[in-house]
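I opened this structure for a first read-through. My notes follow in the order I looked things up.

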Amino acid sequence: MLLTVSDIPDDGLIQNLELPITLDDAGNPDIARASLKIFKIKNKVLIDGSIKIDVSIKCVRCLHEFKYSLDETFKEEYNPADEPLNEGDQQPSGTEPDLGFYRNDRIDLAELIKEQVILSLPMKSLCRSGCQGICPVCGKDLNKGSCTCRTEEVDPRLAPLQKLKESINNRKTS
Ligand SMILES: [Zn+2]
Ligand SMILES: [Zn+2]
């Protein structure tokens, strides 16, 4: 899905796109619905967009795939790659859109949308708040009930150690 920069009319362009998106660890593509308002100011391209997608991702604790509903708006700014930014081009911090560059009069909108989806995903996604994860010993999904591996009594003096062990296990599954 390539946008040709010189084709953008002076009064802007609206693109409504449906794009299949596959993230690395998920199988079937999910459809992203994006609406983009595209403007050109001299060589600079401004894209004001919104994306909706129910994207398949894996829970970092139990590794089950689940649908994460994403509804994001974003602003992206593209400059021609061979033109360095002047200091005067910088926006006040906080409102600064992500800076991108385009080459050969082309912007890959599919790439932009995929990038925005990835940026909008939480770093550690849980299928539900308080997901119990899987037992590191037997692999049982602890959301469906406890297993026998963890029933041994923990000496209260060793409890902090047990906590540490758990946090290490949690880190392993993330
Ligand atoms: Zn989970
Ligand atoms: Zn177990």
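**Entry 1: overall make-up.** I began with burial. Buried residues account for 13% of the 174 residues in the chain. I am working from a predicted model. Next I listed the elements. I found two helices and seven strands. Along the sequence they read β-β-β-β-β-β-β-α-α. I then looked up the contacts between residues at least 6 apart in sequence. Of these, 56% join residues at least 24 apart.

**Entry 2: E3 and E4.** I turned to how the strands pair. Strand E3 covers residues 30–41, and it runs antiparallel to E4 with nine bridges joining the two. I picked out one facing pair: Leu36 is opposite Gly49 in E4. E3 and E4 form a hairpin with two residues between the strands. Lys42, in this hairpin, has a positive phi near 50°.

**Entry 3: E4 and E5.** I followed E4 to its pairing with E5. How many bridges join E4 to E5? I noted 14, and the strands run antiparallel. Two facing pairs went into the notebook. Lys52 is opposite Asp71 in E5. Ser56 is opposite Lys67 in E5. These two strands also make a hairpin, with six residues between them.

**Entry 4: positive phi in the loops.** Leu63 sits in the loop between strand E4 (44–58) and strand E5 (65–80). Its phi is near 65°, a positive value in a residue other than glycine. Is Leu63 buried, exposed or partly exposed? I counted 15 other C-beta atoms within 10 Å, so Leu63 is partly exposed.

Asp105 is in the loop between strand E6 (98–102) and strand E7 (106–108). Its phi is positive too, near 70°, and Asp105 is not a glycine. Asp105 counts as exposed because it has 12 C-beta neighbours inside 10 Å.

**Entry 5: the nonpolar core.** I wanted to know what sits in the largest nonpolar core. This core has 16 residues. Which of them touch the most other members? They are Ala32, Ile51, Ile113 and Val117. Two or more residues come from each of E3, E4, E5 and helix H1 (109–120). E4 gives the most, with five residues.

Leaving out residues up to four places away in sequence, Ala32 touches Leu19, Ile21, Ile51, Ile53, Ile113 and Val117.

**Entry 6: helix H1.** I ended on the helix that contributes to the core. H1 has twelve residues. From its first C-alpha to its last it reaches 16 Å, close to the 16 Å expected at 1.5 Å a residue. Which residues of H1 are buried? I wrote down Leu112, Ile113, Gln116 and Val117. They cover an arc of only 135° around the axis, so they lie on the same side of H1. An α-helix has 3.6 residues a turn, so residues three or four places apart point the same way.

Then I checked the other side of H1. Glu111, Ile118 and Leu119 are exposed there. Last, I looked up what the buried residues of H1 pack against. Their partners are strand E2 (13–21), E3, E4, E5 and E7.

Terms used: Residues are numbered from 1 along each chain as its sequence is written. Chains are lettered from A and ligands numbered from 1 in the order in which they are written. This is a predicted model: local features need pLDDT of at least 70, side-chain atom pairs count only at pLDDT 80 or more; totals for chains, interfaces and linings use all residues. Helices (H or I, at least four residues) and strands (E, at least two) are DSSP runs, numbered from the N terminus. A residue is buried if 20 or more other C-beta atoms lie within 10 Å of its own, exposed if 12 or fewer, and partly exposed in between; C-beta atoms are placed from the backbone. Two residues are in contact if their C-beta atoms, placed from the backbone, lie within 7 Å. Two strands pair if DSSP finds at least two bridges between them. A nonpolar core is a set of buried Ala, Val, Leu, Ile, Met, Phe, Trp, Tyr and Cys residues joined through C-beta atoms within 7 Å. The expected span of a helix is 1.5 Å times one less than its number of residues. The arc is that of the directions from the helix axis to the C-beta atoms.
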